[in-house]
Amino acid sequence: MPKASSSISSIGVPLEEKERYLKVLYYGRQGTGKTTAAALATKSKSAKVLVIDAEGGLDTRALASRGVDTGHVVVWPPTGQRVTSEGLNELHQALADELEENPDAWSAVVFDSMTEIHQLLRENATEARISKSRVVLDPDVIDWDDYNKMTSQLRKLIRRFRDLPCDIIFTALEKVGDDEIRPAITPALGTDLMGYVDLVVRTAIVQGQQVGRFQPTEHINAKDRTNSFPPLMADPSFDRIRAVADGTLDLDEDDSQSEFEKPAEDPNDNKKDEE
């Protein structure tokens, strides 16, 4: 005898009830406001924001002058401590434990920057290989195994942090190649990272205004999985991105691409339009 159908199930969570966290990658030239845009996550919620400050460049006064609530910013690693895959794994576990005990313990985690972090982990891999060698090796000669180890470590770490119940924000410098502009990390890792996140935002300064590109061109990598953003948006700070994604901020004409889009002057399409 067939079982009676039921509209109630204990399996899973209804999509509309699922908590939504944003996973964002900002990338662009130095000085295009990536770190500040990410740190403005302090304005979207009252909980703490953890910044993995691999570059050691956070400045309290500079961030505060741009509206960041620095009292809610926590920096890792401590002064003098090196960024390692082991340390990042321990950090992830500590965050996971705190968020399980108190879901409001942390609002966001910022990786600043993936360009520096992937270089540090590659250097760690090179040093580990040399220390185990029975022959003298040149520390400036990099083996492909060093890159492979770093890539494997970071893929696992990125996925683990991405799955934390809070917003996750990555920053990276940009690399301008012959055919494309992309995050300045290894191509394989960059492709994976862009696939893991909801938004890939290429930052630039146009006419003195910070602009974020959310839609890709033939030569510029960008991404909008939420289908909520115009191709170009003025002031793409995380608090504004969070508000747009939540439906509490409507973008007006000042945020549209018409104010910032420039016609291409060469075969590279929009490769120079925001530089």
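The following dialogue walks through a predicted model, one question at a time.

Biologist: How are residues numbered, and which pLDDT do local features need?
Modeller: Residues count from 1 along each chain as its sequence is written, and side-chain values use heavy atoms, with hydrogens and water left out. In this predicted model side-chain atom pairs count only at pLDDT 80 or more, totals for chains, interfaces and linings use all residues, and local features need pLDDT of at least 70.

Biologist: How many helices and strands are there in the protein?
Modeller: Both are DSSP runs, numbered from the N terminus: helices are H or I of at least four residues, strands are E of at least two. The protein has 7 helices and 10 strands.

Biologist: What percentage of the 275 residues is buried?
Modeller: Buried means under 20% relative accessible area, exposed means over 50%, and partly exposed lies in between (1.4 Å probe, protein chains only). Of the 275 residues, the buried share is 45%.

Biologist: Why is helix H7 largely enclosed by the rest of the structure?
Modeller: H7 spans residues 238–246. Its cover includes strands S1, S5, S7 and S10 and helix H1. Phe238 and Arg240 are among its buried residues. H7 is largely enclosed because its buried residues number 8 of the 9.

Biologist: Which residues have the most contacts inside the largest nonpolar core?
Modeller: A nonpolar core is a set of buried Ala, Val, Leu, Ile, Met, Phe, Trp, Tyr and Cys residues joined through side-chain atoms within 4.5 Å. The largest has 38 residues. Helix H5 gives the most to this core, with 5 residues. Those with the most contacts inside the core are Val109, Phe111, Met114, Ile117, Leu154 and Phe170.

Biologist: Why is the pair of Phe111 and Phe161 edge-to-face?
Modeller: Rings of Phe, Tyr and Trp (its six-membered ring) pair if their centres lie within 6.5 Å; planes under 30 degrees apart are stacked, over 60 edge-to-face, the rest tilted. The Phe111 and Phe161 centres are 4.9 Å apart, and the pair is edge-to-face because the planes stand at 90°.

Biologist: Which residues do ring pairs link into a cluster?
Modeller: Phe111 sits in strand S4 and Phe161 in helix H5, 50 residues apart. Both Phe111 and Phe161 are buried. The cluster is Phe111, Phe161 and Phe170.

Biologist: The charged end of which residue sits over the ring of Trp106?
Modeller: A charge sits over a ring if NZ of Lys or CZ of Arg is within 6 Å of the ring centre and within 35 degrees of the ring normal. Here the charged end is 4.1 Å from the centre of the Trp106 ring, and it belongs to Lys48.

Biologist: Which element supplies the largest share of the lining of the largest pocket?
Modeller: On a 1 Å grid over the protein atoms alone, a pocket is an open set of points with protein on both sides within 12 Å along at least five of seven lines; lining residues have an atom within 4 Å of a point. The lining has 20 residues, and Gly31, Gly33, Lys34, Thr35 and Thr36 lie nearest the centre. The largest share, 3 residues, comes from H1.

Biologist: Is Asn227 buried or exposed?
Modeller: Asn227 has a positive phi of about 55° although it is not a glycine. Its loop runs between strands S9 and S10. At 68% relative accessibility, Asn227 counts as exposed.

Notes:
Contact = heavy atoms within 4.5 Å. 1 Å grid on protein atoms, 1.4 Å probe; cavity = no way out; pocket = protein on both sides within 12 Å on 5 of 7 lines; lining within 4 Å.
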